[in-house]
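Here are my notes on this one, in numbered points.

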Amino acid sequence: MSHRIDWVRRAVCVSLMVLVAATWRLWFSPEPFPQIPLLRFAIDLPPAIDPIAAAVMLIAGLAALTLRSVRLQTIGLSTAAISLAFLFIGDQHRLQPWAYQIFWMLIAMACCRAAVAMRMMRILVVSIYLFSGISKLDYQFVYTIGRDFLGGLVGMAGQSIEGWPETLLVAATLSFPIGELAIAVALVFARTRGAAVVAAIAMHLTLFVLLGPLGLNHQPGVLIWNLVSATLVGLLFWKVGNGEGVNARNTAEEEEVSRPEPRGHLQPLAVVMLAAVSAAPLLEPFGFYDHWLAWGLYAPHNSRVRLLIDERSIDQLPASLQQHAVPIAAGSSTRQVNLDRWSIDCLSVPIYPQARFQAGVALAVLQQSQLTGGFRLELQSASNRRDGQRTIQEIGNQDQLKLQLSRFRFNGLPRSKR
């Protein structure tokens, strides 16, 4: 009978290939949407190497999935992880939450012995549920996306939230993050772990229906990731007894006996990195960690930009973007350029929810359109969790925008198209 980690490896590799296929333009052909490298040196990397790296990643994932040799599986997992890291550096838009999770699971399985890899992946999954729940304890979630979720869920039952008292609406909306927090805590303890797995799977299947074509009609990658998450939480936690969870020594029967192991020379480093990544979302409220990397899922308090241009400049925008420039009010000559809808149309993924990235995209658009004036960029801070308020900095020329982008810790300048 296969070891549990073998099933996890198969699930992770299949998930990587399916999700990349569902979002293939992001990895292979992102034009016309601008690329914003994570690190400054990658600005001048030729974009033509990205499809090669993506192909290597998929081939390595397929090798790790199908080959029987543990040594060759480890090489495949390592190669897929290195390729994925390179693709992240080339364009931070690829730091989709599912890709970031898969990356660290690849690292765990490539660098650690089975028992340790399983333990670190369990810690990572608990971290995802924990910080995803915390990120939604927020004014913006309660009064925007959370309210949409509640209305959609109640609507699926043929009912409506219209007329509900405000107190009930707030309490019902807060049940979503509270449920995630409960799952995170329950996964830690053997006595509640089985119920937590069932609850997590039920939550992901409900989200799959709610966000699907018959509900809120979100992108395929979001739907697939919910199925992946339901699968992984079952494989990692189902029938895992006391002493086998996040503080596990793991089952001798499944993970330590008679199974060839990688040498694990990099295991100490991998453990430190995975532990750091699991705790790093604590830094997000202080601006030291990105919203998505902190598992801020469906939590719209992130920093962002708002690009406004004069309607006379519409024809200068890229053709695929012009339809997303809409009046800010009836009869207004000022248009808001919806970069998020452009991202979804071009790449089938939401825009990376960070002002640094979005300002870089705006700069690329302005440069391509040769707009030196007639625009205004609003750089909006992350919202206050208690009242939803943001601070706004207005930028009216490209030089000022470039200066602002140079102040971010990570790169915000667009990638060269050479």
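Before anything else, a term: helices (H or I, at least four residues) and strands (E, at least two) are DSSP runs, numbered from the N terminus. The model is predicted, so local features need pLDDT of at least 70 and side-chain atom pairs count only at pLDDT 80 or more, while totals for chains, interfaces and linings use all residues. Residues are numbered from 1 along each chain as its sequence is written, and side-chain values use heavy atoms, with hydrogens and water left out.

1. Helix 10 gives the most to a nonpolar surface patch, with three residues. The members of the patch are L153, M156, L205, F208, V209 and L227, and together they have about 460 Å² of accessible area. Helix 8 (145-156) and helix 10 (190-210) are the elements that give two or more residues to the patch. As for how it is drawn: patches take residues with over 30% relative accessible area and no salt bridge, joining like charges within 9 Å and nonpolar side chains (Val, Leu, Ile, Met, Phe, Trp, Tyr) within 5 Å. Areas are Shrake-Rupley with a 1.4 Å probe, and for residues only the protein chains shown count as cover.

2. L153 and the cut-off. L153 sits in helix 8 and has a relative accessible area of 31%, which makes it partly exposed. The classes used here are buried for under 20% relative accessible area, exposed for over 50%, and partly exposed in between (1.4 Å probe, protein chains only).

3. R147 is buried at 16% relative accessibility, whereas E166 is partly exposed at 40%.

4. A loop-to-loop bridge. Which parts of the chain does the R385 and E284 pair tie together? These two side chains form a salt bridge at 3.9 Å, N to O. R385 is in the loop between strand 4 (375-380) and strand 5 (392-395) and E284 is in the loop between helix 13 (267-279) and strand 1 (304-310), so the pair ties together parts 101 residues apart in sequence. R385 counts as partly exposed at 29% relative accessibility; E284, at 13%, counts as buried.

5. R306 and E378 meet in a salt bridge of 3.5 Å, N to O. Because R306 lies in strand 1 and E378 in strand 4, the pair ties together parts that are 72 residues apart in sequence. R306, R376, E378 and E394 belong to one network, joined by salt bridges that share partners. E378 is buried at 8% relative accessible area, while R306 is partly exposed at 24%.

6. Core. The largest nonpolar core has 111 residues, and W27, L106, M121, Y129, L187, L317 and L339 have the most contacts inside it. Helix 5 (residues 97-111) gives the most to this core, with 13 residues. A core here is a set of buried Ala, Val, Leu, Ile, Met, Phe, Trp, Tyr and Cys residues joined through side-chain atoms within 4.5 Å. Leaving aside neighbours within four places in sequence, L106 is in contact (heavy atoms within 4.5 Å) with V12, L16, L77, A80, A81 and L84.

7. Helix 6. Helix 6 (residues 114-135) has 22 residues and spans 31 Å from its first C-alpha to its last, close to the expected 32 Å. That expectation is 1.5 Å times one less than the number of residues. Of its 22 residues, 18 are buried, so helix 6 is largely enclosed by the rest of the structure.

8. Backbone spots to look at. E31 and P32 are joined by a cis peptide bond, with omega about 5°, and P32 is in the loop between helix 2 (24-28) and helix 3 (49-66). S348 is a non-glycine residue with a positive phi, near 65°; it counts as buried at 15% relative accessibility. Q370 is another non-glycine residue with a positive phi, near 55°, and it is exposed at 65%.

How values were computed
A salt bridge is a side-chain nitrogen of Lys or Arg within 4 Å of a carboxyl oxygen of Asp or Glu.
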